[in-house]
Amino acid sequence: MLEKIKRNTVEIVTEEELKKVLEKEEKKAYIGFEPSGKIHLGHYLQIKKMMDLKEAGFDIIILLADLHAYLNQKGSLEEIQEIGEYNKKVFKAMGLEANYIYGSEFQLERDYVLNLHRLALNTTLKRARRSMELIAREDENPKVAEVIYPIMQVNDIYYLDVDVAVGGMEQRKIHMLARELLDKKVVCIHNPVLTGLDGEGKMSSSKGNFIAVDDSPEVIREKIKKAYCPIGEVEGNPILEIAKYFLEYPLVVKRPEKFGGDVTFNSYEELETAYKNKELHPLDLKNAVAEELIKILEPIRKRLASLS
């Protein structure tokens, strides 16, 4: 089970601590999402890891971080919670059975607020701001909210009493702050941050450089067709990242006979090597990835339609 949890992660802090947690009869893992916009492949990668943890016997908490989204200037609380309901429906359509909880359900309670103040006394302004560098919205004149946000996230980990915190690498500094401030050392699992389809920074609903899990087949084909995919380049190639983290192998890439005919790759590593050596054209890669991704997302689209 450990190997399955480690699959497609960037790091686990620490693996030895995780081994001990796995031995516990009762254990909890959580991840927080700011409700904002469409649920895309970046979210799905995180949810897949929560499914791995569920299979390993963890109780799963999905924190719909409405107050965090409010502090991060994502809209009014009413707007954020409306999006949160949509997000919850999509996560359920992905097949994740979990305890879905809004931050505002407990983050305004007296004990939570008092402990937030205690944590604030033990955190420097510089450290709190530094932990938000990859999360906060770009602002020439940052708000005080930027330093409240990470302390609240540390407090969430304490209040929810979780054994494992999951997130993308942009969450690392906040997770490390939690490990320093809290007596209970939470295990931190960090997943990759997917590159946006434009090749510029991370996949994000606010940037429009994403594939939503409920996009139609036609939209998926069109988005992938236009995506950044330089010939022979591997680093920062969003199409190869999708092939690495979502597709099943062996993978058949269909090509006309005049371009060598169909080719089968038994692993992602084989596919990457062929692409790096310019033995596979970007268009052929894109076509294969689009069709496989459509098949993978089809059950989610169908379940969502039945929930509507």
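A crossing of two helices is left-handed if the near helix is turned anticlockwise from the far one by less than a right angle, and right-handed if it is turned clockwise. The legends below belong to a predicted model, in which local features need pLDDT of at least 70 and side-chain atom pairs count only at pLDDT 80 or more, while totals for chains, interfaces and linings use all residues. Residues are numbered from 1 along each chain as its sequence is written, and side-chain values use heavy atoms, with hydrogens and water left out.

**View 1. Helix α5 crosses helix α13.** α5 passes α13 in a right-handed crossing. Helices (H or I, at least four residues) and strands (E, at least two) are DSSP runs, numbered from the N terminus. Two packed helices are described by the angle between their axes and the distance between the axes. For α5 (residues 77-93) and α13 (residues 282-307) the angle is about 130 degrees and the axes are 8 Å apart. Axes are lines fitted to C-alpha atoms, for helices over the stretch in contact, and angles run from 0 to 180 degrees between N-to-C directions. The angle makes α5 oblique to α13; angles under 35 degrees count as roughly parallel, over 145 as roughly antiparallel, 65 to 115 as roughly perpendicular and the rest as oblique. K89, V90 and A93 of α5 make the contact (heavy atoms within 4.5 Å) with I300, R303, L304 and L307 of α13. By class, this contact of α5 with α13 has five nonpolar, no polar and two charged residues. Here Ala, Val, Leu, Ile, Met, Phe, Trp, Tyr, Cys and Pro count as nonpolar, Asp, Glu, Lys and Arg as charged, and the others, Gly among them, as polar.

**View 2. Helix α11 meets helix α13.** The axes of α11 and α13 are 10 Å apart, and the packing angle is about 45 degrees. That makes α11 oblique to α13. The crossing of α11 and α13 is left-handed. From α11, I239, L240, I242 and A243 meet L285, K286, V289 and L293 of α13. Seven residues of the contact of α11 with α13 are nonpolar, none is polar and one is charged.

**View 3. An open sheet of six strands.** Strands of a sheet pair through backbone hydrogen bonds, either parallel or antiparallel. In this sheet the order is β1-β6-β5-β2-β3-β4, with mixed pairing. Two strands pair if DSSP finds at least two bridges between them. The edges are β1 (11-13) and β4 (99-102); each has a single partner strand, so one side of each is left without a neighbour in the sheet. From one strand to the next the twist averages 20 degrees. α5 packs on the sheet and touches β2 (28-33), β3 (59-64) and β4, and the direction of α5 makes about 170 degrees with that of β4.

**View 4. Strands β5 and β6 side by side.** β5 (residues 164-168) and β6 (residues 187-191) pair in the parallel sense over five bridges.

View 5. V13 and T14 are joined by a cis peptide bond with omega about -10 degrees. T14 is in the loop between β1 and α2 (15-22). The peptide bond from Y249 to P250 is also cis, with omega near 5 degrees, and P250 lies in the loop between α11 (238-245) and β7 (251-253). N8, in the loop between α1 (2-6) and β1, has phi near 60 degrees, a positive value in a residue other than glycine.
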